[in-house]
Amino acid sequence: MVYEATATAPVNIACIKYWGKRDTKLILPTNSSLSVTLDQDHLRSTTTSRADESFEKGDRLWLNGKEEVVKPDGRLGVCIKELRNWRSVEEEKDSSLPKLSQWPLRIASYNNFPTAAGLASSASGLAALVASLARLYQLPQNASQLSLIARQGSGSACRSLFGGFVAWREGEKSDGSDSLAEEIEPQSHWPEMHAIICVVSDAKKGTSSTSGMQRTVETSTLLKERLKIVPERMKLISKAIKDKNFEEFAKITMKDSNSFHSVCLDTFPPIFYLNDVSKSIISVIEELNKSNGKIIAAYTFDAGPNAVIYSLKENIPKVLGAINKFFPTSEESKDPFKLTPVDLPENFDYK
Ligand code: DP6
């Protein structure tokens with residue numbers, strides 16, 4: 001009998017950014033965040049986990065074919081330990097279950113996009129890992145409960161356990177038991193919503209999210225102002241999504257991206273994630289919206305220079321037209337600027 005399970009998880013892109021931890025061990029955020037999960041077919045991680053009594057002691061993991069060390073008290077180790085604990089609870093309840101919780105694991109994970117290029121690879125990677133182990137262990141917990149564990153692997157990973165529009169509630173409890181992700185609306189609620197990923201650079205990013213946000217918490221005074229604004233934004237954007245009000249959704253998304261990058265600049269020493277191409281994309285989107293007399297596209301940037309542009313399906317040709325006009329893609333000139341239009345997924349279920 002082979003005990004093996006595979007799961008995939010897509011990338012999610014935040015409209016309200018998570019930036020700052022109030023507890024670095026449990027990964028409890030300083031603010032709630034909200035994201036859109038992208039299409040399963042484009043940017044995703046796929047993870048296969050196998051448990052076998054005959055494996056040599058110790059868990060082993062390969063990321064894109066390269067072995068990574070699994071430290072028992074590191075983020076990965078913690079996720080594995082917590083899922084094992086949940087499995088052993090089931091084994092205690094039902095003695096006929098094989099004792100998978102006691103067997104060593106072998107885990108292989110692949111991303112179908114550049115790792116750590118500001119494209120949230122840790123989010124999809126950790127979510128796929130948690131989903132594959134949950135399936136291997138046949139756990140009864142739902143996606144929100146699993147998000148409590150994915151969160152401890154990488155904060156943003158908790159949101160990738162759902163498709164569609166997802167909120168990560170910061171929670172109030174010091175043990176983190178209420179800091180979890182939940183679906184605001186499924187993708188099917190607003191299928192016209194599309195995302196365009198503009199890969200400005202696929203190089204590994206300079207300052208990691210983990211160290212960058214910690215430096216922000218320690219040194220930025222502007223972060224305190226940001227934390228006052230976010231709760232209202234969470235309410236407004238949730239309503240905009242429910243009402244399918246694109247202009248409101250777009251305005252909040254762009255403002256929150258700008259607020260996040262301002263806080264990065266206010267960090268000491270400062271963190272620069274946007275480059276000149278990123279800033280030109282902002283100008284192009286501003287011009288496009290102005291010339292249409294309404295907001296038809298919204299930009300947002302994570303911890304890197306790549307842009308994600310949200311737009312409704314009917315306006316995608318206009319957005320691509322504007323982007324291609326100002327940033328023509330040319331293989332011959334080795335222009336690093338590539339475009340990948342991405343559809344959002346049908347309801348994504350971790351099982
Ligand atoms: C800018 O989830 O990568 O993408 O919890 O330290 O692993 P850790 O950080 P991570 O940070 C993501 C930051 C962001 C914003 C967001 O996705 O909300």
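Ala150 is in contact with Leu126, Ala127, Val130, Ala157, Cys158 and Leu161, leaving aside neighbours within four places in sequence. Contact here means that two C-beta atoms, placed from the backbone, lie within 7 Å. The model is predicted: local features need pLDDT of at least 70, side-chain atom pairs count only at pLDDT 80 or more, and totals for chains, interfaces and linings use all residues. Residues are numbered from 1 along each chain as its sequence is written.

**Core**

- Ala150 belongs to the largest nonpolar core, which has 88 residues.
- Such a core is a set of buried Ala, Val, Leu, Ile, Met, Phe, Trp, Tyr and Cys residues joined through C-beta atoms within 7 Å.
- Ala127, Val130, Ala150, Leu161 and Ile309 touch the most other members.
- Helix α2 gives this core its largest share, ten residues.

**Overall fold**

- The chain has eight helices and 15 strands.
- The radius of gyration of the chain is 20 Å, close to the 20 Å from the globule rule for 351 residues, so the chain is as compact as a globular protein of that length.
- That radius is taken over C-alpha atoms, and the rule is 2.2 Å times the number of residues to the power 0.38.
- Helices (H or I, at least four residues) and strands (E, at least two) are DSSP runs, numbered from the N terminus.
- The C-alpha trace spans about 65 × 45 × 40 Å along its principal axes.
- Buried residues make up 44% of the 351 residues.
- A residue is buried if 20 or more other C-beta atoms lie within 10 Å of its own, exposed if 12 or fewer, and partly exposed in between; these C-beta atoms are placed from the backbone.
- Among contacts between residues at least 6 apart in sequence, 73% join residues at least 24 apart.

**Ligand shell**

- The ligand has 16 residues around it, and Ala14, Tyr18, Ser154, Gly155 and Ser156 come nearest.
- The shell test is a C-beta atom, placed from the backbone, within 6 Å of the molecule.
- By class, the shell has seven nonpolar, seven polar and two charged residues.
- Ala, Val, Leu, Ile, Met, Phe, Trp, Tyr, Cys and Pro count as nonpolar, Asp, Glu, Lys and Arg as charged, and the others, Gly among them, as polar.
- Helices α2 (121-136) and α4 (209-219) each supply at least two shell residues.

- In strand β10 (residues 165-168), both faces are covered.
- Phe165 and Ala167 are buried on one side, and Val166 and Trp168 are buried on the other.
- In a regular strand, side chains alternate between the two faces of the sheet.
- Strand β5 (residues 33-37) pairs with β10 in the antiparallel sense over four bridges.
- Strands count as paired if DSSP finds at least two bridges between them.
- In this pairing, Ser35 stands opposite Val166.
- Strand β11 (residues 181-185) also pairs with β10, in the antiparallel sense and over four bridges.
- Here Ala167 stands opposite Glu182.

**Trp19**

- Trp19 sits in the loop between β2 (12-16) and β3 (21-23).
- Trp19 is buried because 29 other C-beta atoms lie within 10 Å.
- Not counting residues up to four places away in sequence, Trp19 touches Met213, Thr216, Phe260 and Val263.
- Trp19 and Lys242 are 223 residues apart in sequence and 25 Å apart in space, C-alpha to C-alpha.

**Backbone geometry to check**

- The peptide bond from Phe268 to Pro269 is cis, with omega near -10°.
- Pro269 lies in the loop between α6 (246-265) and α7 (276-292).
- Ile27 is not a glycine, yet has a positive phi of about 55°.
- Ile27 is in the loop between β3 and β4 (28-29), and is buried, with 23 other C-beta atoms within 10 Å.
- Lys244, also a residue other than glycine, has a positive phi near 55°.
- Lys244 lies in the loop between α5 (222-243) and α6, and counts as partly exposed, with 14 C-beta neighbours inside 10 Å.

**Arg50**

- Arg50 is in strand β6 (residues 44-51).
- Arg50 is partly exposed, with 18 other C-beta atoms within 10 Å.
- Leaving aside neighbours within four places in sequence, Arg50 is in contact with Tyr3, Glu4, Leu105 and Arg106.
- The C-alpha atoms of Arg50 and Ala108 are separated by 9.0 Å, and the two residues are 58 apart along the chain.
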